[in-house]
Amino acid sequence: MPGPATAQILVKSLGSSVLVKLKGGREVRGILRGFDQHLNLVLDEAEELKSNKTRKLGTIIVRGDNVVFISPVM
Amino acid sequence: MPGPATAQILVKSLGSSVLVKLKGGREVRGILRGFDQHLNLVLDEAEELKSNKTRKLGTIIVRGDNVVFISPVM
Amino acid sequence: MPGPATAQILVKSLGSSVLVKLKGGREVRGILRGFDQHLNLVLDEAEELKSNKTRKLGTIIVRGDNVVFISPVM
Amino acid sequence: MPGPATAQILVKSLGSSVLVKLKGGREVRGILRGFDQHLNLVLDEAEELKSNKTRKLGTIIVRGDNVVFISPVM
Amino acid sequence: MPGPATAQILVKSLGSSVLVKLKGGREVRGILRGFDQHLNLVLDEAEELKSNKTRKLGTIIVRGDNVVFISPVM
Amino acid sequence: MPGPATAQILVKSLGSSVLVKLKGGREVRGILRGFDQHLNLVLDEAEELKSNKTRKLGTIIVRGDNVVFISPVM
Amino acid sequence: MPGPATAQILVKSLGSSVLVKLKGGREVRGILRGFDQHLNLVLDEAEELKSNKTRKLGTIIVRGDNVVFISPVM
């Protein structure tokens, strides 16, 4: 399980848009619907961002070990 | 085991087509027949997508640690 | 142990030819003789496929953590 | 859990600015708000530093396995 | 421990020459003297094969996590 | 926990300068203040060495999984 | 712990010179003073070998997960 500080931010971000930086430089953005102890994430209305292009993905499950950082979108 | 939110999406996707982004940029698409606690996936009528080419694979088992994200095909 | 769905496909493939995609783009093909909880595979009459070349290997043990996907050959 | 020496530095750095070097050469900087047993970090007012560019990220959760080193900003 | 099918092949190969494909494309060949639960291997009269060159190494211990596949030399 | 031989060297190096080779070719140097069971290291007066340049970092926590080797500076 | 076959070779090599091949192609050579269950190694009078250059390192601790193979120097 992520520690309390980590889990607290994620809980607060449920239902909000987050930016997820992935290993290898890719980024995805979506509404955080869930997460688990491996930092696996469920995102709704997800988009993959690559250079200047955006690709709509709908709901996705991101495997936690690909995550570099998660940032609530401002 | 994937957490409840993750497992719930996967259970709902059983029997439906999913797009799986793999590490290294490859993608496979197929009908989700099963998954387990490592996010190992069983896909039917699977196809490997690479650049503009498609390669038919039939049933495949994807080892979970290659998965970047899983997306129900819209 | 791979979950039931994964193990079921592998059990059904015992004695049949499978294609194994490995990390780094390599592929091997052979008759599946066994597998274990790490997805280590035993293949008979194995061949390594690289670009357009084939290399006969006989019986091989593939370490499971190299596997991207396993596909019964059609 | 990080050992006592490691945890002690992190506890002392709570509320202060830290520089985090990530695998692949990226760096992020922010105010340390929390950490857990995997070295997952919560940073406030985080910025991603890349070559000469800075990108404001707000609050972020850095997954611990990306961390090379953490340095309190002098 | 490797599963029964895997261990059985390795036990049968003790005292015989095996080819070991390593991550990164290297290969070593030698007489299998031992193995353990991590697929760490002990090889006698080992040789490293790289492109067209061979380098004699004597007895070596190969760390299991570098192994892609092991093949009894025909 | 590192085994007795490993821990003994590290204990003897506490308070002394060590050179740490990191994956990807980077090196850091500093006074060893602490270490834990993952080989996480606390270094004081740390410097990052890259090609011919030196960058002063102050106190740093190096995540153990980046370490290739640790050498007391002679 | 490395299995009996692996540990036996290492015990026999204590006090003798060993060549250690590391991931990424680097090699170090030194007198084996100790090892532990992760294949962490303590080497005395260690030297880093890279292309045609040698760099003296004194005593070093090699983190086991970097090791490709260990070979007693003949």
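How many residue pairs are in polar contact between chain A and chain D? In this predicted model, the count comes to ten, with both residues of each pair at pLDDT 80 or more. Salt bridges join in too: there are three between chain A and chain D. One of them links A:K21 to D:E48, and its closest N and O atoms sit 2.9 Å apart.

As for who takes part, chain A brings 24 residues to the contact and chain D brings 22 residues. On the chain A side, A:T6, A:V68 and A:F69 give up the most area to chain D, and together these residues make up 29% of what that side buries. Taken as a pair, chain A and chain D bury about 1,800 Å² between them, with 55% of that on carbon and sulfur atoms.

Which parts of chain A supply at least two residues each to the side that touches chain D? They are α1 (4-13), β1 (17-22) and β5 (67-72). The top contributor is β5(A), which puts in six residues. Sorted by class, the chain A side has 13 nonpolar residues, alongside seven polar and four charged ones.

Methods: Residues are numbered from 1 along each chain as its sequence is written. Chains are lettered from A and ligands numbered from 1 in the order in which they are written. This is a predicted model: local features need pLDDT of at least 70, side-chain atom pairs count only at pLDDT 80 or more; totals for chains, interfaces and linings use all residues. Side-chain values use heavy atoms; hydrogens and water are left out. Contact means heavy atoms within 4.5 Å. Buried area is the accessible area (1.4 Å probe) that two parts lose on being put together, summed over both. A salt bridge is a side-chain nitrogen of Lys or Arg within 4 Å of a carboxyl oxygen of Asp or Glu. A polar contact is a pair of N or O atoms within 3.5 Å; within protein, one must be able to donate a hydrogen and the other to accept it, and residues adjacent in sequence count only if both atoms are side-chain atoms. Helices (H or I, at least four residues) and strands (E, at least two) are DSSP runs, numbered from the N terminus. Ala, Val, Leu, Ile, Met, Phe, Trp, Tyr, Cys and Pro count as nonpolar, Asp, Glu, Lys and Arg as charged, and the others, Gly among them, as polar.
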